[in-house]
Amino acid sequence: MTDLRSGTPLVEMRNISIAFGGIRAVDGVSLDLYAGEVVGLLGHNGAGKSTLIKCLSGAYQADSGEFWIEGKKAQITSPRDSRNLNIETIYQTLALADNLDAASNLFLGRELTTRFGFLDDASMEAETRRIMAQLNPNFKKFKEPVSALSGGQRQSVAIARAVYFNARILIMDEPTAALGVHETEMVADLIKELKNQGLGIFLISHDTREMMDLCDRVAVMKNGQLIGNERVEDVTEDDILSMIIMGKNPKKQQN
């Protein structure tokens with residue numbers, strides 16, 4: 001993969017720290033993300049990767065450090081701040097309303113209405129079909145509640161919602177967890193399509209093979225600190241595992 005880091009980053013996190021009960025969950029981490037780039041975040045449970053991302057998504061408020069979004073310093077103190085900066089988060093739980101169909105989920109809380117104030121179901125379905133045609137042309141179950149959809153199809157709905165509302169920066173937390181091989185491939189194709197559209201993606205996963213296949217860079221955290229931030233073509237799976245388990249970056253030790 002080529003190095004995509006040129007121009008102004010979509011995201012710069014500078015020296016982000018946050019502590020809970022005196023324990024530094026994130027300790028002075030700096031990380032960036034560029035348009036059309038996928039950066040994988042790895043580490044054991046408790047390494048700090050999810051906490052770091054929750055600071056960017058506004059779920060947590062960092063104790064110190066700065067966020068710069070597309071070259072401008074940004075205040076992120078709530079999920080609304082994050083969404084206003086075109087940052088969307090897709091959590092593992094997806095936060096979909098199981099009893100509603102794809103269109104109702106896509107526009108949940110942001111429904112389209114007619115000039116008379118009624119819900120414009122036809123327009124919402126048409127828009128859902130349009131965005132799905134771009135992301136997942138094989139998606140056909142527009143009339144069924146999302147509870148009837150497969151895991152990969154549910155991911156498609158959650159991703160479509162983010163993209164439709166102009167996400168530029170996408171945070172994906174374990175998007176292929178508990179999915180089968182075919183479903184995992186479907187989500188991988190979605191990620192590649194979003195990358196081609198110029199979105200920047202932070203991808204959290206425990207699957208090192210998946211990270212090597214999908215990401216341009218991998219950032220490994222341990223005990224709240226950033227151990228390594230390397231291009232995937234410059235590291236092996238063993239290098240990544242060494243960073244995760246031992247907390248040592250073989251690339252830095254070679255230099």
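Is Asp 98 buried, exposed or partly exposed? Asp 98 counts as partly exposed, at 38% relative accessibility. Here, buried means under 20% relative accessible area, exposed over 50%, and partly exposed in between (1.4 Å probe, protein chains only).

## Basis

This is a predicted model: local features need pLDDT of at least 70, side-chain atom pairs count only at pLDDT 80 or more, and totals for chains, interfaces and linings use all residues. Residues are numbered from 1 along each chain as its sequence is written, and side-chain values use heavy atoms, with hydrogens and water left out.

## Asp 98 and Arg 154

The whole structure holds 15 salt bridges. A salt bridge is a side-chain nitrogen of Lys or Arg within 4 Å of a carboxyl oxygen of Asp or Glu. One of them joins Asp 98 to Arg 154, with the closest N and O atoms 2.9 Å apart. Asp 98 sits in the loop between β6 (87–90) and α3 (102–106) and Arg 154 in helix α5 (residues 151–164), so the pair ties together parts that are 56 residues apart in sequence. Helices (H or I, at least four residues) and strands (E, at least two) are DSSP runs, numbered from the N terminus. Arg 154 is buried, at 17% relative accessible area.

## Two further pairs

Glu 125 and Lys 143 form a salt bridge, 2.7 Å from N to O. Glu 125 belongs to helix α4 (residues 121–135), and Lys 143 to the loop between α4 and α5, 18 residues apart. Lys 143 is exposed, at 62% relative accessibility.

Asp 216 pairs with Lys 195 in a salt bridge, with 2.9 Å between the closest N and O atoms. Asp 216 is buried, at 7% relative accessibility.

## A network

Salt bridges also link Glu 12, Arg 14, Glu 66 and Lys 73 in a network.
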